[in-house]
Amino acid sequence: MAISERIHKYNLNNKNIVLDINSGAVHIVDDVVYHILDYYETNTLDGIINLLIEKYDKDTISEAYKEIKILEKEGVLFSDESNMMDIKYNEDNVIKALCLHVAHDCNLRCNYCFASQGDFKGDRSLMSLDVGKRALEFLVENSGNRRNLEVDFFGGEPLMNFNLVKELVYYGRELEKDNNKHFRFTITTNGVLLDEDKIDFINEHMDNVVMSLDGRKEINDNMRKTVTGQGSYDIILPKFKELINKRGDKDYFIRGTFTSYNLDFSKDVLDYYQNGFKMTSIEPVVTDPDMGYALREEHMETVLEEYEKFSKEYIEIKKKDKDFLFFHFMIDLNQGPCLAKRAVGCGAGSEYMAVTPDGDLYPCHQFVDDKSFRIGDVFNGINNTQLRKEFKRANVFNKEECRNCWAKFYCSGGCHANAYNTNKDIMKPYKIGCEMEKKRIECAISILANCND
């Protein structure tokens, strides 16, 4: 039996699912089609009948075989990738999004923080108004004909420099009028400094808000502590509830990190839901494998089973409450983005960059503490054009491990920072991350199959 490298088939949540890798077509099939596909490319119809005659009668096999032939002819099954590898990506070097590090400081001391508790392994500092304004101007100047631009206020903890955030929002609105642009603002916060005025400003001006909380109180307080070593859950939760209660139908996500200490992380997502949060995400920690809380290969079987278990619970909730969302179970099966975007992904180092408090530019927020990834600054522009080229080349056709992976057009090669932090090479994907992403994709497709019956 030879399984084709052009399709991926699996059974999950009582559905036989077949993904045509190159076209992106997804098929929900019956048992006979599901079994024929194991032999279709290497056997004749008569050969397949001989192989499956003990399970299905001849007419049933023949009819299913004809259906597969039709799908193949239509280019939605066993399609190839001819003419797909010569992609044109961001040839004009348009920048569409900036992550503004308005504060390299934080009022929490989270154990797993990639930003070294907010200072990014440097001096604690706040962005000035001059740097912030120049960053927005830089984005406008480098956005080409693109009208919609993204700005994420980030840290550290951006509420520690909230007056600057407000000034930059107002300045952005002025730039919009003069340049035919529209800024979509997001803020990512731990919530400690939230008060009524900040909540009202965020809800009025931020298109999205990302709130950091790790789920259950005991899980959150084990990892996300205040500067005095106390748990942060009881401080933060009421403020986040107030924020979303006032937010109406505007976007938000409550986001956590799971570690080896909570491999039952679906309970943390359900804790969000029980507390009234419907737009949820929980991310796997990526850290030195020697850390006690790190996710390692020996945890993967449990983690993958947890995603499957949660997908079953998620289906039941979604049937009753369509507004409940888990970020990693959201998937676009319409192949909306162009091939280049599906092959390249987030656009770090090309379309998306991070700005430090001093105005330095990095490919994304996770590279900020490594001077070798400094790509330029907002005053003088991009000067490390070679680095930008390397990030533009980091697509699934140039990554050896990705070329023959069935999930390549959904994960787009994975996170560049995770690849570098684990393999010291943005072209070598983070293996554990790949395993989790493939399982999340399988779960997401099975959820759509069940919820759209």
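Two strands are taken to pair if DSSP finds at least two bridges between them, and the strands (E, at least two residues) and helices (H or I, at least four residues) are themselves DSSP runs, numbered from the N terminus. With these terms, β2 and β3 form a hairpin with 5 residues between them, and in its turn Gly24 has a positive phi of about 85°.

The model described here is predicted, so local features need pLDDT of at least 70 and side-chain atom pairs count only at pLDDT 80 or more, while totals for chains, interfaces and linings use all residues. Residues are numbered from 1 along each chain as its sequence is written, and side-chain values use heavy atoms, with hydrogens and water left out.

Strands of a sheet pair through backbone hydrogen bonds, either parallel or antiparallel.

Strand β1 (residues 7-12) and strand β2 (residues 15-20) run antiparallel and are joined by 6 bridges, with Asn11 standing opposite Asn16 in β2. These two strands also form a hairpin, with 2 residues between the strands, in which Asn13 takes a positive phi near 55°. Between β2 and β3, which likewise run antiparallel, there are 4 bridges; Leu19 stands opposite Val26 in β3, and Val18 stands opposite His27 in β3.

How many of the 6 residues of β1 are buried? The strand is mostly covered, with 5 of its 6 residues buried, a term that means under 20% relative accessible area, whereas exposed means over 50% and partly exposed lies in between (1.4 Å probe, protein chains only).

| Helix pair | Angle | Axis distance |
|---|---|---|
| α10 (residues 300-320) and α15 (residues 431-451) | about 20° | 10 Å |
| α2 (residues 45-52) and α3 (residues 58-73) | roughly 135° | within 10 Å |

Angles under 35 degrees count as roughly parallel, over 145 as roughly antiparallel, 65 to 115 as roughly perpendicular and the rest as oblique. The angle of about 20° between α10 and α15 therefore makes α10 roughly parallel to α15. In passing α15, α10 makes a right-handed crossing, a term used if the near helix is turned clockwise from the far one by less than a right angle, with left-handed used if anticlockwise. Contact means heavy atoms within 4.5 Å, and among the residues that make it are Met300, Val303, Leu304 and Tyr307 of α10 and Ile432, Glu435, Met436 and Lys439 of α15. By class, this contact has 11 nonpolar, 3 polar and 6 charged residues, where Ala, Val, Leu, Ile, Met, Phe, Trp, Tyr, Cys and Pro count as nonpolar, Asp, Glu, Lys and Arg as charged, and the others, Gly among them, as polar.

For the other pair, α2 and α3 are oblique to each other, and their crossing is right-handed. Leu45, Ile48, Ile49 and Leu52 in α2 meet Lys58, Ile61, Ser62 and Tyr65 in α3, and the residues of this contact divide into 6 nonpolar, 1 polar and 1 charged.

## Two single residues

Ser446 has its place in helix α15 and is buried, with a relative accessible area of 0%. Which residues does Ser446 touch, not counting residues up to four places away in sequence? They are Tyr10, Leu12, Asn13, Ile17 and Ile315. Asp234, in contrast, lies in helix α8 (residues 233-247) and counts as exposed at 52% relative accessibility. The C-alpha atoms of Asp234 and Lys217, which are 17 residues apart along the chain, are separated by 7.9 Å.

## The sheet of eleven strands

A further open sheet is formed by 11 strands in the order β12-β11-β10-β9-β8-β7-β4-β13-β14-β15-β16, with mixed pairing. At its edges stand β12 (325-326) and β16 (381-382), each with a single partner strand, so one side of each is left without a neighbour in the sheet. Strand β15 (residues 376-377) pairs with β16 in the antiparallel sense over 2 bridges, and the bridge partner of Gly376 in β16 is Ile382.

How values were computed. Axes are lines fitted to C-alpha atoms, for helices over the stretch in contact, and angles run from 0 to 180 degrees between N-to-C directions.
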